[in-house]
Amino acid sequence: MPARRPTLTRSLALLAAALLAALAVACGDEAETPEEPPEPPAPADPTTLTVITHDSFDVSDGLIEQFEQEHNAKVELIAGGDANEVVNRAILNAGNPEGDVLFGVDNLSFQRAVRAGVFREYESARRSDIPADVRAQFGDSLLLTPIDYGYVNLNFDPAAGEPPSTLEELTERQWRGKLVVEDPATSSPGLQFLATTIAYFGEGRWQQFWHDLHENEVRVELGWSDAYYTHFSVYGGDRPLVVSYTSSPAAEFFFSEEPLTEPPTRNVIPSPLFRQVEAAAVLEGSEHPDLAGKFIDFMLSDAFQAQIPETMFVYPVIPGLDLPEWWSWAEVDVETASIEFTAEDVDRWIREWTEIMRR
């Protein structure tokens with residue numbers, strides 16, 4: 001028995017050494033195995049930004065997508081009718097808005113919305129690039145950021161001869177039954193033209209002008225499309241004069257299917273014209289006010305501003321941009337009408353005009 005103990009001791013020692021060696025190898029293998037990198041976090045879902053616009057809003061293909069990619073956003077556009085309808089909807093939802101940004105409020109309708117607390121202040125980095133007289137159309141308030149502007153005037157069919165040279169001539173016999181206008185209660189260009197006549201004739205005198213137009217068989221349509229495409233003689237109607245935009249001849253040139261050397265219609269500017277300025281604003285109660293502000297910055301970018309003529313056929317507020325050659329037909333010499341008014345004045349104008357035209 002004593003003679004066998006060294007063998008047992010040696011065996012136990014060898015077993016322990018083997019176990020230690022195996023453990024060392026295992027530990028060595030574990031140390032040499034590289035750790036797998038952690039999985040990258042999943043990208044955040046895009047933020048939905050809701051932009052409420054009038055029906056005439058448009059933008060070149062790809063621009064919205066660029067904004068969405070840059071800001072991880074999804075832009076949802078909601079067309080809310082004409083400019084007046086858009087403002088009315090915003091007022092009804094004041095403090096609990098349908099979206100984040102409103103575009104299309106103009107300098108004839110903004111006061112009602114401001115009074116209702118519809119907007120929250122936002123100052124774009126490019127605000128100072130907008131001409132001061134354009135910003136002043138909103139009292140230079142930070143609640144509204146001008147985006148574009150336009151003028152409403154008379155468009156004329158040159159096949160009818162020589163156009164009138166003054167507003168007063170429209171009441172003369174030679175223009176009886178020759179003019180179609182839009183209802184200012186339902187149409188933005190109709191209201192702008194009414195404002196032009198009020199600025200020209202003044203309070204207490206504009207009413208007689210419209211009475212005389214009524215007697216001279218002026219035709220009134222609810223909206224621009226019916227007035228222009230149904231009753232304007234260029235499109236087969238019987239009226240060679242229509243209330244439209246100074247940019248309309250340029251649009252006719254742009255959309256013509258046949259090569260033209262000049263537009264088929266003419267601008268008639270018989271007086272200083274009221275300038276409509278359209279603005280964008282962040283809506284009070286927006287869930288994404290920071291992103292809404294970035295969208296307003298986007299609307300003032302050179303890329304967005306330069307495409308305004310060919311998508312909305314109005315004038316960009318940022319000067320000095322390279323614009324399409326055909327847009328030269330919209331570059332007319334216009335004196336901006338000077339007129340001061342309140343929201344109550346606008347409501348009264350519409351009521352008085354309606355009473356005159358219903359007699």
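**Close-up views of a predicted model**

**View 1. Lining of the largest pocket.** By class, 14 nonpolar, 14 polar and five charged residues make up the lining of the largest pocket. The structure shown is a predicted model. The largest pocket holds about 940 Å³ of space. Its lining comprises 33 residues, of which Ser56, Trp224, Ser225, Tyr245 and Met312 are the closest to the centre of the pocket. Two or more lining residues come from each of the elements α3 (83–92), α6 (188–201), α8 (224–231), α9 (248–255) and β10 (275–283).

View 2. Domain 1 is assigned as 47–149 + 276–330, and domain 2 as 151–274 + 334–358. The largest pocket lies between these domains, because both give residues to its lining. Among the residues closest to the pocket centre are Ser56 and Trp224.

**View 3. The largest cavity.** A search of the whole structure for cavities of 30 Å³ or more finds one. The volume of the largest cavity is about 50 Å³. Its lining is formed by Ile52, Arg89, Ala90, Asn93, Ala94, Gly95, Pro97, Glu98, Val118, Leu283 and Glu284. Sorted by class, these are six nonpolar, two polar and three charged residues.

View 4. Strand β5 spans residues 145–156 and is mostly covered, with eleven of its twelve residues buried. β5 runs antiparallel to β10, and six bridges join the two. Within this pairing, proline 146 has alanine 279 of β10 as its bridge partner. Strand β10 (275–283) is also one of the elements that give two or more residues to the lining of the largest pocket. Strand β11 (residues 315–316) pairs with β5 over two bridges, again in the antiparallel sense. Here aspartate 148 stands opposite proline 316.

View 5. Strand β8 (residues 241–245) is joined to β5 by five bridges, and the two strands run antiparallel. Valine 152 stands opposite tyrosine 245 of β8. Tyr245 is also listed among the residues closest to the centre of the largest pocket. Strand β9 (residues 266–268) is joined to β5 by three bridges, also in an antiparallel arrangement. Phenylalanine 156 stands opposite arginine 266 in β9.

**View 6. Asparagine 72, a residue with positive phi.** Most residues other than glycine have a negative phi. Asparagine 72 has a phi near 45 degrees, which is positive although the residue is not glycine. Asparagine 72 sits in the loop between α2 (63–71) and β2 (73–79). Is this residue buried, partly exposed or exposed? With a relative accessible area of 35%, asparagine 72 is partly exposed.

**View 7. Glutamate 217, a residue with positive phi.** The phi of glutamate 217 is near 65 degrees, a positive value in a residue that is not glycine. Glutamate 217 is placed in the loop between α7 (206–215) and β7 (219–221). The relative accessible area of glutamate 217 is 44%, so the residue counts as partly exposed.

Terms used. Residues numbered from 1 in each chain as written. Predicted model: local features only at pLDDT ≥ 70, side-chain atom pairs only at ≥ 80, totals over all residues. Heavy atoms only, no water. 1 Å grid on protein atoms, 1.4 Å probe; cavity = no way out; pocket = protein on both sides within 12 Å on 5 of 7 lines; lining within 4 Å. Points joined across faces, edges and corners; volume = space filled by probe spheres on them. Nonpolar A, V, L, I, M, F, W, Y, C, P; charged D, E, K, R; others polar. Helix = DSSP H or I, 4+ residues; strand = E, 2+ residues; numbered from the N terminus. Buried < 20%, exposed > 50% of the residue type's maximum accessible area, 1.4 Å probe, protein only. Domains from an automatic or database assignment. Pairing = 2+ DSSP bridges.
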